[in-house]
Amino acid sequence: MRLPAEWREFIIGDLEEEFESRAFSSARAARIWFWWQAIRCLVAPPPTRRAVVAPDVTPTRGDSAMQSLVADFRYALRVFARTPSFAIAIVAIFAVGIGANAATFSLVNAVLIRPMPLEEPEQLVRLFTRPPRMAGAPQRFVVSPGKFSSWQQEARSFEGMATYSGQLFTLTGLGSARAVLASTLGAGFFETVRARPALGRDFRPEEDIAGNHRVVILSDRFWRNELGTASDVIGRTLMLNSEPYTIVGVMPASASVSSWGPMSREIWVPLALTAERRTVRDNHTLESIARLKPGVTSAQAQAEMDAVSARLEQAFPNTDTGWGAVVVPLQEAIVGNSRLMLVMVLAAVALVLLIACANVGNLLLARALSRRKEIAIRSALGAGRRRVFQQLLVEALVLSVAGGVLGLSLAYVSLGTVSTLVANQVPRANEITIDARVLLFALAASLITGCLAGTVPALRAGRSDLNDALKEGGRGGAAMGVGTRRALVVCEIALAVVLLAGAVVVVRNLTALRNVDAGFNPTNVLTMNVFLPGARYPPAQRTAFFRTALERLRALPGVESVTFVDNVPLVGGSYQALIPEGYPEVRDLDRMTVQVRQVTPGYLQTMGIQLRRGRDFSESDGEVMLISESAAKLYWGNDDPIGRRAALPFSRSIMREIVGIVGEVRQLSLVSPPMPTAYVYSPSLPAAATFALRTRVDPMSLAQPAVGVIHALDPEQPVQNVRTMEEVRDRTLGAQRFASSLLGMFAAMALLLASIGIYSVLSYIVRGRSREIGIRAALGARAGDIVTLVIVEGLTPTLAGIAVGIVAAVVAARFLDQLVVGLSASDPAALAFVAGALTIVALLASLLPAYRASRLDLVKALRAE
Amino acid sequence: MWFKKQASVLGDFEQLVLLGVLRLEPDGASYGAAIRQEIHAKSGRDVSINAVYTTLDRLESKGLLESWIGEPTRARGGRRRKFYRLRPTGLAALRQAYRAFTGMADGLQGRLEAK
């Protein structure tokens with residue numbers, strides 16, 4: 001606040017002069033007087049000479065378009081300064097709409113658009129095998145060492161390729177023992193990825209041979225946290241699984257790629273397969289990565305790999321028949337099926353913005369009409385319609401850009417929350433930032449929404465009749481533009497219907513998936529992973545360890561049953577062909593594969609899997625097997641498998657007796673159908689285990705005691721992934737949960753905006769028709785009649801909007817159905833629900849205006865003119 | 001319109017300010033602070049200096065007043081005064097207001113001056 005320059009001298013001079021004269025009698029009183037005057041002057045200073053008047057509406061010949069734009073811009077600012085509450089309301093609506101869009105886009109940007117932080121990432125591809133086709137079999141599978149080395153010899157499309165896997169090590173000798181997840185890398189991995197150590201060197205080819213493999217490369221993170229960035233680490237040793245590994249290199253921080261497993265690990269060691277394992281073709285355990293030669297596309301590489309696979313089928317009929325190879329760009333492999341979901345969410349949030357546009361358009365139109373006298377005067381003074389249009393559009397743009405800036409800051413503030421919220425649901429979520437692309441997006445969104453929201457009012461206002469507008473006391477302006485405003489509400493409601501219908505379908509889909517009969521009961525089950533490395537626990541000790549642990553876990557209070565399994569349902573696992581005794585061995589791998597799980601007695605009870613016939617395992621059993629009904633049908637047809645024996649491909653000599661038949665379980669995911677499964681029990685237990693505890697109490701309350709049992713046996717033994725079976729299930733639904741929570745939120749926003757739209761239009765209409773309502777009341781209409789009148793007024797555009805929206809939703813659903821299998825967006829129940837919800841919201845939004853109309857002061861209303 | 005030109009209708013505070021200018025003009029002291037004090041002393045209204053200047057400015061832009069700027073004085077810390085003087089239109093407007101007021105008040109003195 002300050003005095004205008006042209007007045008400062010006279011006012012301050014006057015104040016000083018009078019102060020001097022007053023100070024004669026009392027200095028204190030004079031001071032009080034002086035400050036009182038000064039404050040009054042500052043609060044309401046005299047006007048500057050350039051009073052607030054509209055800018056030249058008729059640019060003279062010399063006026064450039066730019067000058068008139070600047071003038072419009074300044075005028076817009078002054079208009080908003082005069083009615084800040086209006087401007088604030090619109091900026092807020094824009095901010096929420098654009099903010100939600102910017103946040104969603106920054107997610108899409110991080111996941112789908114921004115390239116991986118690797119050298120020439122577009123040349124990197126993942127190589128998978130494609131297993132023989134059978135119901136529910138994965139499209140992509142890991143590779144066996146033998147197949148991979150055939151690829152390496154035959155394929156010419158690649159500059160380099162390498163295998164990798166993961167292994168949990170127990171790290172000792174640096175503070176307390178802890179588990180370290182390492183990537184085990186085949187020869188040439190870093191070369192293929194083009195990651196170079198900052199210190200030391202890469203692995204040498206000869207270090208990928210068992211026996212020479214005790215070397216380790218550290219991540220920057222590990223080097224900092226564990227070794228305090230010591231510069232002399234090269235050559236020192238690290239104790240992993242009680243074996244000394246020599247540190248040969250340290251990777252720079254820039255080499256860490258959090259969204260891609262092998263590059264996000266703390267340490268790397270050579271994969272170093274034994275010579276025997278290198279030739280295995282039918283046990284698929286390794287991941288692989290390759291770099292395309294410059295100029296080779298992944299489609300070309302795929303074509304070559306198809307040819308290679310065909311040759312390998314000829315060369316290795318026993319193991320390779322039916323197997324193919326799949327080339328997938330790395331980014332696509334990581335992002336996977338979240339692409340579709342993200343695009344869907346982006347579309348939904350764009351709908352919210354469109355609804356916000358319609359809302360703002362409505363408000364702007366009301367305002368433009370209330371200002372139509374001003375506009376008429378400008379037109380009378382020679383402003384063309386183009387000029388009036390431009391000015392109103394500039395006003396809308398000023399608001400939308402302000403909303404965009406505010407929205408972007410909202411998005412920025414919420415990024416941290418967003419990325420933690422979606423961390424387990426979307427790959428690469430931790431890479432979310434606001435970069436130039438997001439800024440550009442927000443700017444574009446602001447400009448487009450500004451134009452969309454501003455165009456209709458600007459066109460409509462430019463059209464109003466000069467004579468009518470200038471006439472003092474002409475129709476109050478209230479009844480003007482009602483048609484346009486109703487049309488905007490219809491659009492708003494229709495968009496809301498589409499969005500809500502989508503949200504309802506996605507939420508229902510999620511609920512349906514949660515409640516799908518997966519063949520097991522996930523409630524009250526606690527699971528945890530324990531991996532006993534061979535170096536510390538030879539097989540005999542390992543089994544003893546696990547048996548003692550099972551014993552002690554069973555003794556915990558609140559535990560109903562305990563079991564041990566290599567992989568719990570929904571996380572996938574081993575996948576083999578049974579070899580039934582006394583039947584010709586079938587080579588038809590297309591169909592004859594089952595999921596194989598290694599379990600202990602009590603698994604059926606703990607997981608709540610039904611025993612159909614026969615019996616469960618017992619502790620006294622030798623090598624025995626349970627099979628699911630579909631597996632029984634697959635191998636034994638109509639024969640009764642109970643009492644017969646079968647072997648597994650990797651242990652052909654061991655014949656396992658089938659003791660019972662059990663129900664089907666969805667082993668891979670809730671979306672894929674149940675798979676034929678064989679559960680194997682062998683007295684000697686595998687090294688990697690998941691303990692599962694069925695509890696009578698809240699399963700998480702047993703987490704501490706259960707981990708305690710393991711640590712009591714071996715304080716240095718890491719325990720991983722302590723979580724309930726419900727958590728396991730919800731993790732597999734990450735994408736669906738993400739989509740449904742976001743769509744739910746956006747649908748709520750849409751509902752809110754739609755109700756604001758209906759409310760504002762109705763209040764406007766009621767105000768404009770107050771005379772008519774007054775006359776009706778004077779002629780004997782009761783309050784109830786008037787309430788009905790207003791509510792009908794509100795429901796008409798709502799119902800029209802719902803009708804349009806349902807048509808649009810059905811069309812959109814056609815399109816969605818093709819994209820998302822098993823998701824029907826045109827579900828009549830969902831549409832009915834949405835229609836009902838919107839009608840109720842419209843009714844609620846009409847209530848206040850209706851109440852106001854019924855309480856209208858008759859005399860005032862009739863005398864208003 | 002030009003053919004029906006009438007003296008402006010004055011607001012009551014405008015009248016006070018114009019009267020203040022009229023009273024102080026002969027002494028050559030018709031500037032902001034003096035007008036403010038005159039209004040305070042004669043009408044009892046303690047207005048702020050900026051209110052006076054706002055009104056003076058408006059009256060000048062209506063063409064009822066004209067202004068000039070005096071010399072810097074020591075009492076004002078070397079700042080100048082802005083003086084005002086009535087233009088014929090201003091005087092006419094004031095006359096009209098005065099006539100209207102006295103005309104309407106005629107015969108009511110007894111009641112208006114009673115306590």
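By helices I mean DSSP runs of H or I with at least four residues, by strands runs of E with at least two, and both are numbered from the N terminus.

Some housekeeping. This is a predicted model, where local features need pLDDT of at least 70 and side-chain atom pairs count only at pLDDT 80 or more, while totals for chains, interfaces and linings use all residues. Residues are numbered from 1 along each chain as its sequence is written, and chains are lettered from A and ligands numbered from 1 in the order in which they are written.

So what does chain B look like? There are 5 helices and 2 strands, and from the N terminus on they run α-α-α-β-β-α-α. Of the 115 residues in chain B, 31% are buried, where buried says that 20 or more other C-beta atoms, placed from the backbone, lie within 10 Å of a residue's own.

Back to our helix. Which residues of H1(B) are buried? They are Glu14(B), Leu16(B), Val17(B), Leu18(B), Gly20(B) and Val21(B). Their cover includes H2, H3, E1, E2 and H4 of chain B.

Take H3(B), residues 49–61: its axis and that of H1(B) come within 10 Å and cross at roughly 90 degrees. That makes the two helices, H1(B) and H3(B), roughly perpendicular, a label for angles of 65 to 115 degrees. Axes are lines fitted to C-alpha atoms, for helices over the stretch in contact, with angles from 0 to 180 degrees between N-to-C directions.

At that crossing, Phe13(B), Glu14(B), Val17(B) and Leu18(B) of H1(B) meet Val52(B), Thr55(B), Leu56(B) and Leu59(B) of H3(B). Contact requires C-beta atoms, placed from the backbone, within 7 Å. The residues of this contact split into 6 nonpolar, 1 polar and 1 charged. Nonpolar covers Ala, Val, Leu, Ile, Met, Phe, Trp, Tyr, Cys and Pro; charged covers Asp, Glu, Lys and Arg; the others, Gly among them, are polar.

Last stop, the neighbour. How many residues of chain A are in contact with chain B? There are 19, facing 15 residues of chain B. On the chain A side, H1(A) gives the most, with 12 residues.

Methods: A residue is buried if 20 or more other C-beta atoms lie within 10 Å of its own, exposed if 12 or fewer, and partly exposed in between; C-beta atoms are placed from the backbone. Angles under 35 degrees count as roughly parallel, over 145 as roughly antiparallel, 65 to 115 as roughly perpendicular and the rest as oblique. Two residues are in contact if their C-beta atoms, placed from the backbone, lie within 7 Å.
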